[in-house]
Amino acid sequence: MSRGRPGRPGSNPLPSVGEGDPRVSKGRERGRVPRNSPSPGSRRSPPSPAEGRGLVLVGEFGRAHGLKGEVRLKSYTGDPLAIASYGPLTTADGRNVSLKKNARQAPGGAPDMLIVQVEGVTTREAAEALNRTELYLERDKLPPPEEEDEFLLADLIGLPVQDEAGTVVGTIMDVPNYGGGDLLEIAPARRGATALLPFTKDFVPAVEIERKRVVVALPDDFFEPARPEPENEDPA
């Protein structure tokens with residue numbers, strides 16, 4: 001995950017990623033904290049039991065594939081196929097799940113959508129029972145980022161956000177990327193809809209994971225609802 005360099009608050013709302021900026025790791029260690037997929041404008045659900053146990057969400061099963069127990073799996077690791085190399089994974093209710101190492105990309109799908117086999121699952125019916133089951137990994141099994149200015153997604157979500165004067169202004173709820181660079185989805189401290197901030201050095205000058213501190217330079221109207229576009233008047 002990277003912070004781009006160009007832009008200042010109030011100028012280009014989505015500056016491009018710049019060389020040398022901090023980033024969210026794209027390697028095998030990338031995982032997602034357990035959450036119920038908040039969308040812009042919503043508040044994050046309470047932490048799940050898995051999150052309370054220090055687990056990181058690394059994948060989620062989808063529908064069955066074929067008749068011999070294969071199943072679709074959405075991988076949240078930076079290298080999607082790496083999810084099969086971590087060893088036993090854990091479900092939210094504490095069951096262990098072992099993936100065979102013959103995982104492959106699903107045909108015609110996104111790079112993070114895989115076809116996998118699970119140890120002990122040999123029928124379509126058993127594979128169907130896995131649908132929507134989330135897979136977790138212990139946080140301490142994730143290797144640290146390789147570079148100093150690199151961050152794990154799981155370490156960023158949930159951190160308080162403060163302005164340069166030290167006042168807490170919100171909390172990081174998610175770190176989406178819609179193709180223009182990583183963004184911080186921030187819920188305001190005084191409630192209200194979340195808003196998206198480019199994860200660039202200009203907007204996010206300091207990230208101190210050990211101190212659980214993220215410093216941001218927010219535009220004055222950052223949490224204000226977007227104004228509707230004025231309607232064009234028909235020419236006389």
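**Note on the salt bridges of a predicted model**

1. Of the 236 residues that make up the chain, 44% count as buried. The coordinates come from a predicted model, and the remarks below should be read with that in mind. The accessible surface of the chain comes to about 13,000 Å², and carbon and sulfur atoms account for 48% of that area.

2. As regards secondary structure, the chain holds three helices and 15 strands. When contacts between residues at least 6 apart in sequence are considered, 57% of them join residues that lie at least 24 apart.

3. A search of the whole structure for salt bridges returns six. By way of background, side chains of opposite charge can pair when their charged atoms come close. The points that follow take up individual pairs, together with the accessibility of the residues involved.

4. Glu70 and Arg104 meet through their side chains in a salt bridge, with an N to O distance of 2.8 Å. This pair links distant parts of the chain, since Glu70 belongs to strand E3 (residues 70-75) and Arg104 to strand E6 (residues 104-105), the two residues being 34 apart. Glu70 has a relative accessible area of 16%, and because the buried class covers values under 20%, Glu70 is counted as buried. Arg104, by contrast, has a relative accessibility of 34% and is therefore classed as partly exposed.

5. A further salt bridge is formed between Arg95 and Asp93, whose closest N and O atoms are 3.1 Å apart. Here Arg95 is partly exposed, with a relative accessibility of 42%, whereas Asp93 has a relative accessible area of 54% and is exposed. The cut-off that matters for this assignment is 50%, because a residue is called exposed over that value.

6. The side chains of Glu208 and Arg211 also meet in a salt bridge, at 3.0 Å from N to O. Glu208 counts as partly exposed at 24% relative accessibility, while Arg211, at 59%, counts as exposed.

Note on methods. Residues are numbered from 1 along each chain as its sequence is written. This is a predicted model: local features need pLDDT of at least 70, side-chain atom pairs count only at pLDDT 80 or more; totals for chains, interfaces and linings use all residues. Side-chain values use heavy atoms; hydrogens and water are left out. A salt bridge is a side-chain nitrogen of Lys or Arg within 4 Å of a carboxyl oxygen of Asp or Glu. Helices (H or I, at least four residues) and strands (E, at least two) are DSSP runs, numbered from the N terminus. Buried means under 20% relative accessible area, exposed over 50%, partly exposed in between (1.4 Å probe, protein chains only). Contact means heavy atoms within 4.5 Å. Accessible areas come from the Shrake-Rupley method with a 1.4 Å probe; for residues, only the protein chains shown count as cover.
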